Amino acid sequence: AAENGLDGWLRYAPLPSADSYHDGIPSKIVALNDTKISPVYTAGQELQQGISGIFGKELDVQYDDCTSFSSIVVGTVEEYSNGGGETDDIPELEADGFYLSVDGDSVKILGQNERGALYGAFEYLSLLAQGNTSEFSYASNPSAPIRWINQWDNLVSGGTHGSVERGYGGPSIFYKDGYIKEDQTRAAQYARLLASIGVNAVVVNNVNANASFLTEANMDGLKRIADVFRPYGVQLGLSLFFASPKDLGGLDTFDPLDESVVEWWHDVTDKLYRRIPDMAGYLVKANSEGQPGPFTYNRTLADAANLFAKTVKPYGGVCMFRAFVYDHTTLNQTLDWKADRANAAVEFFKELDGQFMDNVVVQIKYGPIDFQVREPVSPLFANLLETNTAIELQITQEYLGQQAHVVYLPPLWKTILDFDLRVEGQPSLTREIVSGARFKRPLGGYAGVANVGTNTTWLGSHLAMSNLYAYGRLAWDPTHSSERLVQDWTRLTFGLDSSVVDTITQLSLESWPAYENYTGNLGIQTLTDILFGHYGPNPASQDGNPWGQWTRADNDSIGMDRTVWNGTGFAGQYPAEVAAMYEDIETTPDDLLLWFHHVPYTQRLKSGKTVIQHFYDAHYAGSATAQTFVSLWESLKGKIDDQRYEEQLFRLKYQAGHSLVWRDAVNGFYHSLSGIADEKGRVGNY
Ligand code: GCU
């Protein structure tokens, strides 16, 4: 395995003093399914490769005899019991769950289904690779059935954002020059990484979709991708372009209730499932940011979602329907104090609660705007009580430094997942809403926008991969701590040296607070350039833009007034207790103050500082922290391989410099706008 990053956290590097473990390792692997496309077969191969790498011990894989001694048995509970295995001790498992037992040199890895068996094998290997060879037995079940990745890949290269929209790891791994590649080796390698963290589906094309995916030739191409995903238990999903019946099908309408349109979509779906019988389903972005949708025909978003849900229903598929719906053409900042893009999702979806079929999942971005450095949780999670929901997280760092900055995201995600929305006055953690538990929904879960590319590091930066790793682990179990996840990832990616683990953990955990400090604080949004590319500081672009991402900063005051009594009313979209907290400036936490309130720059925070002084200080503090990342990393010289050391060092030096640019641009901007001097005399006009 090269150190360039293709294997990510699945390097199976030799354990220090690997030989000493030889006696404890079973002497063969028994995989209970010998069909090559079966995840159980894959598990057998993976165990063989892993144990060879970690311990230098070569084991045979056999395909029967699950009761023999000194073996690692991997398969489904059913296969195991059919083969004469004793299953009395095995707890009840949920779909994709597994039971893992290590008892001397007898190891059992039994999945509720084939995929679960593979997940169990990866978990076992992860423990071994981290030097854990103790005895234990436990069952593990996923928190939610939907644990998907979204790739925003375009079939055609070029365009504004290259061939992967908001992708910073190079062009698409799936497509080239308008075609679906013949060679899908990278797709298989990707599926392997994803299976190891419990991800069970990938939507392979951009939400800003293109009808040409539905030609016969491209459906054949999609089948090629699905075929290489299948041995890893990863299902393929597809984003749809809503106007396809007209654009591609030659109909004169794309009205979701028109019979010819309905028939057209059924026909397309049948053709896809003939090629990909286990297709996961569809993802739809409609009536947002210029995308066509049902409003053209006065139909509802539920009419649209249900159309697709019906077509995939006989195949067990689901329709993920995005709640990222807003009409930017009607937002007018100057004329309308109450205009607020953040209101859109609840306004569009609340009244549709209960109208979606049970295989529709409404996919909701974590915050009401758009993947900002800090947002409150989307109130839509608290407004859909009879609808399946999934949370959309962004692994690709669109607004968060685009992988040129290290920003370890789980701490951000957990502020959202652990937030208690208090629906009907009852505990209602976001993670318990999306798991389906809170409102007793049959489906729900996670969608992570990853946007990996052909770069050998996948995301364009070695350290960014901890976000992908942690995403899958959190979708499986959102109660994992951010610290533990980065420690696991570091050991698997860079080795067991505790100074390496401690250093990367420290750097990672400090990275999001630092980034927030040197970009946009107090809930003002990221303050990045909003018009071109979402990169680098541009606080001036945060007002007057047509996208509804505003700060309403003027010479005296700043912040969006989202109160009910005087503002956009957004705070009132939350259940009573949460609404009351955000309505009142006294009970609004400082880190969301400017999200909810419009205040003078001289407003005092709970810390006693004024808003403007907090801006100045935070930008100095955050950029100072970024400087320390360089020396922290330099302490790892010689403790990790030179290639990854140098590549990451280059990026951290860049981040340190860019954080100063951020500091001075943002501080200078608000200094000249407000005319208020920095108490410490550091800030000038720029
Ligand atoms: C962001 C992003 C777009 C993307 C959109 C979406 O606005 O910048 O590129 O299409 O989100 O999630 O649909």
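Colleague: Let's begin with a strand pairing. Which residue stands opposite L393 in β16?

Modeller: That's G448. Keep in mind that this is a predicted model.

Colleague: How do you know that β15 and β16 pair?

Modeller: Two strands pair if there are at least two bridges between them. β15 (residues 388-394) and β16 have six, in the parallel sense, so the pair meets the cut-off of at least two bridges.

Colleague: And what joins β7 to β16?

Modeller: Five bridges join β7 (residues 146-150) to β16, and the two run parallel. For one of the partners, look at R147, which is bridged to Y446 in β16.

Colleague: What makes β16 "largely enclosed"?

Modeller: Buried means under 20% relative accessible area. Six of the six residues of β16 (residues 444-449) are buried, so the strand is largely enclosed by the rest of the structure.

Colleague: Which strands close into the barrel, and in what order?

Modeller: Eight of them, in the order β7-β10-β11-β12-β13-β14-β15-β16, with parallel pairing. Neighbouring strands of this sheet are turned by 25° against each other on average, direction ignored.

Colleague: What about β10 and β11: why do they count as a pair?

Modeller: They pair over three bridges, in the parallel sense, and since the cut-off is at least two bridges, they count. To see it on screen, find V202, which stands opposite L236 in β11.

Colleague: Now the other strands. How do β4 and β5 run, parallel or antiparallel?

Modeller: Antiparallel: six bridges join β4 (residues 98-103) to β5. S101 stands opposite K108 in β5. The two strands form a hairpin with two residues between them, and G104 in the turn has a positive phi of about 60°.

Colleague: How many bridges join β3 to β5?

Modeller: Five, between β3 (residues 71-76) and β5 (residues 106-111), and those strands run parallel.

Colleague: On to the ligand. Which residues are closest to it?

Modeller: E165, K285, R322, K365 and E398 are the closest, out of 13 residues that surround the ligand.

Colleague: What kinds of residues make up that shell?

Modeller: It divides into three nonpolar, two polar and eight charged.

Colleague: Why is N287 called buried?

Modeller: Its relative accessibility is 15%, and buried means under 20%, so N287 qualifies. N287 lies in the loop between β12 (281-284) and α8 (301-312). Its phi is near 50°, a positive value in a residue other than glycine.

Colleague: Where is Y12, and what is its phi?

Modeller: Y12 sits in the segment before β1 (28-31), with a positive phi of about 50° although it is not a glycine. At a relative accessible area of 7%, Y12 is under the 20% limit and so is buried.

Colleague: Why does N33 count as buried?

Modeller: Its relative accessible area is 15%, which is under 20%, so the label holds. N33 lies in the loop between β1 and α1 (39-55), and its side chain makes a polar contact with the side chain of E79 (3.5 Å).

Colleague: And why is G83 called partly exposed?

Modeller: G83 has 44% relative accessibility. Buried is under 20% and exposed is over 50%, so G83 falls in between. You'll find G83 in the loop between α2 (77-82) and β4. G83 and D64 are 19 residues apart in sequence and 7.6 Å apart in space, C-alpha to C-alpha.

Colleague: Last one: what makes S466 buried?

Modeller: Its relative accessibility is 3%, under the 20% cut-off, so S466 counts as buried. S466 is in helix α12 (residues 465-476). From S466 to N287 it's 179 residues in sequence and 34 Å in space, C-alpha to C-alpha.

Methods. Residues numbered from 1 in each chain as written. Predicted model: local features only at pLDDT ≥ 70, side-chain atom pairs only at ≥ 80, totals over all residues. Heavy atoms only, no water. Helix = DSSP H or I, 4+ residues; strand = E, 2+ residues; numbered from the N terminus. Buried < 20%, exposed > 50% of the residue type's maximum accessible area, 1.4 Å probe, protein only. Near = heavy atom within 4 Å. Nonpolar A, V, L, I, M, F, W, Y, C, P; charged D, E, K, R; others polar. Axes fitted to C-alpha atoms, helices over the stretch in contact; angles between N-to-C directions. Polar contact = N/O pair within 3.5 Å; in protein donor to acceptor, adjacent residues only side chain to side chain.
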